[in-house]
Amino acid sequence: MAATIRYTDVEVGTELPEQVYPVRRLDLVRYAGASGDFNPIHWNERVAKSVGLPNVIAHGMFTMAEAGRLVTDWVGDPGALVEYGVKFSAPVVVPDDDEGAEISVSGVVKEKRDDNQVVVALTARSGGAKVLVRANAVVRLA
Amino acid sequence: MAINRDFVGREYRAAQPYDVTRGKIREFAGAIQDSNALYTDIEAAKAAGYPDVIAPPTFPIILGMDAAAQAAVDPELGLDFSRVVHGQQTFRYSRPLRAGDVVDTVTRIAEIKTLGATEMVTLESEISTVEGEHVVTSVNMLVVRGEAAQDQK
């Protein structure tokens, strides 16, 4: 498949349409199992509150995975990623109900580099807070 | 106890190589609800030029976390894992991990610094096949809350 977006079709300022990803307690339990990160702040309200958190929070790496999907879904091929980095600035708080929380992700091409590479700056928000900062994906386009 | 600065540059090697499998990739992709066919459909992966299904970009955190845990249990380092939160994460890819890869992970303590009451430990994990091909570098910055403040008491 390789990347389906062509380098020549992309400009600085090209926007990746916003996507909203849901996250419920069950998703965190599944992610804990799949990733091997069983820190109780991601599934146990008693422990989360005892360390000063408002409630159970999503794994930062779960949020990073959802934000990265915006880019990999855009280019088609996740193997086109050259570099992907984020700073975790606020937690995604996940209440114990059927709706859970939402992570809204948007992106914009902020730089074109040599070798068909572009830098996509990502924004991820949840509950009114910016949950990632300095979130950048470098991707090699077709 | 503050984190031991003498440990900058110290390396930890994973006890044994990690086998990347189709089943584990499918489980991880399911957990992040990512339905990209390249994670689960061997024919789709081959059509895209890969020898087997590939792993999602954040999959290598499994190896990076394992390395962090290894450093955390080193009593000489003095890292209290119960105070640790994940501050930053970066991956630099030579190519995606894929099913059939057998990889070694070597983790180096790249930096330890203090900011007020907080200490930050940066771990850099080189993930390579047992044949020696670099696949991905995972840079994992851990924030350790309150350690320095306690020391000043």
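Among contacts in chain B between residues at least 6 apart in sequence, 70% link residues at least 24 apart; a contact here is a pair with heavy atoms within 4.5 Å. The model is predicted: local features need pLDDT of at least 70, side-chain atom pairs count only at pLDDT 80 or more, and totals for chains, interfaces and linings use all residues. Residues are numbered from 1 along each chain as its sequence is written, chains are lettered from A and ligands numbered from 1 in the order in which they are written, and side-chain values use heavy atoms, with hydrogens and water left out.

Chain B contains four helices and six strands. Helices (H or I, at least four residues) and strands (E, at least two) are DSSP runs, numbered from the N terminus. Their order from that end is β-β-α-α-α-β-β-β-β-α. The C-alpha trace of chain B extends over about 60 × 30 × 20 Å along its principal axes.

Chain B has 153 residues, and 52% of them are buried. Buried means under 20% relative accessible area, exposed over 50%, and partly exposed in between (1.4 Å probe, protein chains only). The accessible surface of chain B is about 6800 Å². Carbon and sulfur atoms account for 49% of that surface. Areas come from the Shrake-Rupley method with a 1.4 Å probe; for residues, only the protein chains shown count as cover.

Chain B carries 15 positive and 22 negative side chains. Lys and Arg count as positive, Asp and Glu as negative; His and the chain ends are not counted. The centres of the two sets lie 3 Å apart, each charge being placed at NZ of Lys, CZ of Arg, CG of Asp or CD of Glu.

The mean pLDDT (the predictor's confidence in each residue, from 0 to 100) is 90, and 95% of residues reach 70 or more. Helix H1 (residues 22–31) of chain B has the highest confidence, at 98. Helix H4 (residues 147–152) of chain B has the lowest, at a mean of 46. Over residues 147–153 of chain B, pLDDT stays under 50. For the complex, the predictor gives an ipTM of 0.96 and a pTM of 0.94.

In chain A, A:Ala3 lies in the segment before strand E1 (15–23). A:Ala3 counts as buried because its relative accessibility is 12%. Beyond its neighbours within four places in sequence, A:Ala3 contacts A:Val75, A:Asp77, A:Ala80, A:Arg140, A:Leu141 and A:Ala142.
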